[in-house]
Amino acid sequence: MGPWLSTVTARPNFQRFRWAAAILPLLFFCLGLVFIPRVGIQDDEVFFATSIFHLPGSAIFEAHIFHSQIPLMRLSYLGALKTWIYFPILLRIRPSYLTIRLPMLLAGTVTIWLFMWFLEKAHGRTVAWVGGVLLATDTMYLLTTCFDWGPVALQHLLALAGMAMVLKFTSTGRRSTLFWAFFWFGLTLWDKALFLWFFSGLVVATIAIFPRELWARSNRKNLGLAAAGLLLGALPLVAYNLASNFNTLRSNSRFLLSQFPSRLQALRITLDGEILFDYMVHAPWVSGTPRQPRTALERVSAEVHELSGGRDHYHNELVPALWVALALLPLLFLNRERTRARRNMLFCLVVFAVAWLQMALTENAGSSAHHVVLLWPLPQWFLAVAIVEAAAWRPLEWKHAGTVLLATVVVFLAGANLLVTNEYFYQLAAYGPIGSWNDAIFRLSDEARNIQAEHLVVDDWGILNPLVALNRNRLPMYYAGTSFLSPGYPKSDYGWFIDRLSEDVWIGHTPQFQQLAGEYERIVQVAREVGYQKQLISTVPDRHGKPAFEIFRFVQTKPRVPENGR
């Protein structure tokens, strides 16, 4: 599909390039190691682990093999591939931020190497290095990979693996590579059916930009191998939809034109790197009292923050760079020698447009970083080709002006990326993570192991899954959701609800960290109505000393209301 349908040959010095290209993945990996201890375990980040530890209702579609239940689908659009990968890891190694995050950081690191391999084979070494620099320093790619709450890390790796195999097929003609290419695409679909956005973009762009090359390779054997690979990779997803009357499509095919403006804004602030401020970390534009740096790295980060004017510089320069690249694209139509570059850039644009339009119009999609970043590395690919082509413009050959321009632009863009990355690190060091990312979850996990109670009852979103993952579901936990003593509850459940109030210890967020507005107040109110008053046992602070969790119980203040008294 796409530019890899053009004739491509391996570079004779590719072996040396392969080892040199390890520098950028290593840079990305080191940046990730700096970030992964800084943030607490978030609920969606470990959603995959609930099936590993057999939390009831953690999978909607399972296979029963030898008296074992094998999860296949977690949600209508989310497969259990990540669960399968982590199964031997979390059962053999104690769950921690390292065991949860390091595998996906490694996946993101391999993706950068694979991206550079792909660009080198398709465009040459210079484009590969420029694209690699842009992706390895991209803040959104770094953070969404490190914490992978999307999840997105496997999406990038598997999609690029498929594209690389198609590229290899076009250069070698070996049909086995075509089969494996579409197997990786199928596996990506199983991992997350939202890959259909990107995959349909690849299909449309191939038909629109490379019709002749596609037709030349379209025969029964090739089409059959591609279909077989795709079906095999996506087999659990296909089986689920056959059994559920195509629930994946029915549940995720509602479109709203009215949300388009907000999705356009989400696209912009994801591209420029600012979307996670005030969601994961303290926002630079919000006043506060920062904690003083404690380590050499924190002191360097604070100094860079001050020198760069971090309060005013919290975005990169990717958006203006893309606008300039778009403006230069028509110039390539005037130069017949640049046909290949022009077609590749058009290919990127079509894939991006088709994928993003579906994302932007699908109800409840496209508003968050973990959706928009599924379009990566298309912006970096498009921009890398544009920068290299601009630097090769004939008037810039004088005294290596093109080389100087290329180096200047790449350093400028990468530097802007790193400044944004530093701003995220500075905010984490100075103020700590916010909301459901607070790092008090680690201390809470330790304290919860020592609580003596029949159940630990959680009253807010964002607590249950991290505690299940960190403790391998060995804590007697229950989630008191909106059904707890809610109007119209079954009379037969009344005694069980009262037992939870009278016998159990409760865990919730402090007001500053509450996730479900009003739910905590509702539970306290209905408990008061049946004769129970909240009694605080302790609070659990984060590393900055801010109380993030409450541990409390309910004590009886008046005689128990009979079951038929409501």
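Trainee: Let's start with aspartate 278: buried or exposed?

Mentor: Aspartate 278 is exposed, because its relative accessible area is 51% and the cut-off for exposed is over 50%. Keep in mind that this is a predicted model.

Trainee: Where is aspartate 278 found?

Mentor: Aspartate 278 is in the loop between α15 (260-271) and α16 (296-308). Its phi is positive, about 70°, although aspartate 278 is not a glycine.

Trainee: Which residue other than glycine has a positive phi near 35°?

Mentor: That's aspartate 148, with phi near 35°. Aspartate 148 sits in the loop between α7 and α8, and it is buried, with a relative accessible area of 3%.

Trainee: OK, peptide bonds next. What is the peptide bond from glycine 150 to proline 151, cis or trans?

Mentor: The bond from glycine 150 to proline 151 is cis, with omega near -10°. Proline 151 is in the loop between α7 (139-147) and α8 (153-172).

Trainee: And which kind of bond joins tryptophan 376 and proline 377?

Mentor: A cis peptide bond, with omega about 5°. Proline 377 lies in the loop between α19 (369-372) and α20 (378-391). As background, most peptide bonds are trans.

Trainee: What does histidine 156 touch, if I skip its neighbours within four places in sequence?

Mentor: Histidine 156 is in contact with Thr111, Tyr141, Val373, Leu374 and Trp376. Trp376 is the residue joined to proline 377 by the cis bond. Histidine 156 itself is in helix α8 and counts as buried, at 4% relative accessibility.

Trainee: Which residues of α17 are buried?

Mentor: Leu318, Val319, Ala321, Leu322, Ala325, Leu329 and Leu332. They cover an arc of only 150° around the axis, so they are on the same side of α17. On the other side, Trp323, Val324 and Ala327 are exposed.

Trainee: Why would residues three or four places apart point the same way?

Mentor: Because an α-helix has 3.6 residues a turn.

Trainee: Now packing. At what angle do α4 and α9 pack?

Mentor: Helix α4 (residues 81-92) and helix α9 (residues 175-191) pack at about 90°, with their axes 8 Å apart. That angle makes α4 roughly perpendicular to α9, since 65 to 115 degrees counts as roughly perpendicular.

Trainee: Which residues meet there?

Mentor: Leu81, Lys82 and Trp84 in α4 meet Leu187, Trp190 and Asp191 in α9. By class, the contact of α4 with α9 has four nonpolar, no polar and two charged residues.

Trainee: Last one: where is alanine 469?

Mentor: Alanine 469 is in helix α23 (residues 464-470). It counts as buried because its relative accessibility is 2%, and buried means under 20%.

Trainee: What is in contact with alanine 469, leaving aside its neighbours within four places in sequence?

Mentor: Val46, Ala49, Phe53 and Pro95 are in contact with alanine 469. For leucine 134, the C-alpha atom is separated from that of alanine 469 by 34 Å, and the two residues are 335 apart along the chain.

Definitions and conventions
Residues numbered from 1 in each chain as written. Predicted model: local features only at pLDDT ≥ 70, side-chain atom pairs only at ≥ 80, totals over all residues. Heavy atoms only, no water. Helix = DSSP H or I, 4+ residues; strand = E, 2+ residues; numbered from the N terminus. Buried < 20%, exposed > 50% of the residue type's maximum accessible area, 1.4 Å probe, protein only. Arc of directions from axis to C-beta. Axes fitted to C-alpha atoms, helices over the stretch in contact; angles between N-to-C directions. Parallel < 35°, antiparallel > 145°, perpendicular 65-115°, else oblique. Contact = heavy atoms within 4.5 Å. Nonpolar A, V, L, I, M, F, W, Y, C, P; charged D, E, K, R; others polar.
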